[in-house]
Amino acid sequence: MTDTTPAAEAIEVPGLLDQIDTHTRELGVSQDTINADSAFVVERFREDERLVVHSLEEHLPRPLRQRGEVAIHDPADFVQFVNQLANVNGHRTRVYADVDRNQVVAVFDDHGEDGQAGWRQHRAILALKPDADWQLWAAADGRLVRQDVFASFLEDVAHTVVSPDAATMWEVATSFRAARRADFSSEINVQNGDVQLTYKEETDAKAGRTRSGDVEIPKEFTVRIAPWRGVDPVDVTARLRYHVDQGHLGIGFSLLRADRAKDDAFATLLARVREALDGIVPLLKANAPAALTARSDA
């Protein structure tokens, strides 16, 4: 059988960097910063004169340029990282804040103000981690549960309640726990809007003896929680919700405009980041631009 594979030969092409400009652009390599002979091998196939370019960058002591992406979870670490790498090797660094996605992205090789293009391929992302207390409140938001379940929840999150104080919420929790088998009725105090839940509990089924009591809880209460770790907490108002059906109580709460509180927390974060960048790196409220390749639009 005759071998029809085109023969290949290593060649020296005059003006090599001009010949393989497309390939160097894909690597984002400046012609002024590389030695073509050490970075590329070019093969020409004799039948169709096709040029095949092989990059030898992986065999070099170090990459030809910085690129890649890192996710950082702490805002302070993000700022420190950006300040360390900002505006090096002639590149322009910008930070983009996506307020809809609550995401901050630093692009270290962005376009320069002098019109010089950047590859936008070297990035750091502030990937915020949810705060555990915020997740607890969000998971229970809008749910009506048994009073003993609600009591356990209040005990777990008492440290986040700022108004009324934790001692009051603890009393509410323990009262609910003590009356977990009671029949409830309810009324609202017209003077302050607080809810008074009255319960009657049988203590001796044969004799029919009972005991009664009241559990007073505020119509609204305030919690101080942070949407993400490392971010300043914000105050969120919670409104009491309850339902009494044939003496059985379902109780819970609804967070009022938690989305707005989250936006406020992100705005405070951006102000901290902007101040820490000290004007050296601009922060723009915008979506981070896509990374470029040789075949993408600048």
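Tutor: Let's start with a pair of side chains: Arg 94 and Asp 110 form a salt bridge, and their closest N and O atoms are 3.4 Å apart. (A salt bridge here is a side-chain nitrogen of Lys or Arg within 4 Å of a carboxyl oxygen of Asp or Glu.) Arg 94 sits in strand β5 (residues 92-98) and Asp 110 in strand β6 (residues 103-110), so this link joins distant parts of the chain, 16 residues apart. (Helices are DSSP runs of H or I with at least four residues, strands are runs of E with at least two, and both are numbered from the N terminus.)

Before we go on, keep in mind that this is a predicted model: local features need pLDDT of at least 70 and side-chain atom pairs count only at pLDDT 80 or more, while totals for chains, interfaces and linings use all residues. Residues are numbered from 1 along each chain as its sequence is written, and side-chain values use heavy atoms, with hydrogens and water left out.

Back to our pair. Arg 94 counts as buried because its relative accessibility is 15%, and Asp 110 counts as buried because its value is 2%. (Buried means under 20% relative accessible area, exposed over 50%, and partly exposed in between, with a 1.4 Å probe and protein chains only.) Asp 110 has another partner: its side chain meets that of Arg 120 in a salt bridge, 2.6 Å from N to O. Arg 120 lies in the loop between β6 and β7 (122-126) and Asp 110 in strand β6, so this pair ties together parts that are 10 residues apart in sequence. At 13% relative accessibility, Arg 120 is buried too.

Elsewhere, Asp 148 and Arg 146 meet in a salt bridge at 3.1 Å, N to O. Asp 148 is buried at 19% relative accessibility, whereas Arg 146 is exposed at 52%. Returning to where we began, salt bridges with shared partners join Arg 94, Asp 110 and Arg 120 into one network. The count of salt bridges comes to eight.

The structure holds seven aromatic pairs. (Rings of Phe, Tyr and Trp, taking the six-membered ring of Trp, pair if their centres lie within 6.5 Å; planes under 30 degrees apart count as stacked, over 60 as edge-to-face and the rest as tilted.) In one of them, Phe 81 and Phe 108 have ring centres 6.0 Å apart and planes at 70°, so the pair is edge-to-face. Phe 81 belongs to helix α4 (residues 75-85) and Phe 108 to strand β6, so parts 27 residues apart in sequence are tied together. Phe 81 is partly exposed at 25%, while Phe 108 is buried at 3%.

Another pair, Trp 137 with Phe 221, is tilted: 6.0 Å from centre to centre, with 50° between the planes. Trp 137 and Phe 221 form one aromatic cluster with Phe 153 and Phe 253.

Leaving aside neighbours within four places in sequence, Met 169 is in contact (heavy atoms within 4.5 Å) with Leu 154, Val 161, Pro 164 and Phe 221. Met 169 is buried at 4% relative accessibility.

Strand β12 also belongs to a sheet: four strands form an open, antiparallel sheet in the order β8-β12-β13-β14. (Two strands pair if DSSP finds at least two bridges between them.) At the edges stand β8 (161-163) and β14 (248-256), each with a single partner strand, so one side of each has no neighbour in the sheet. Strand β13 (residues 234-245) pairs with β14 over nine bridges in the antiparallel sense, and Ala 238 stands opposite Leu 255 in β14.
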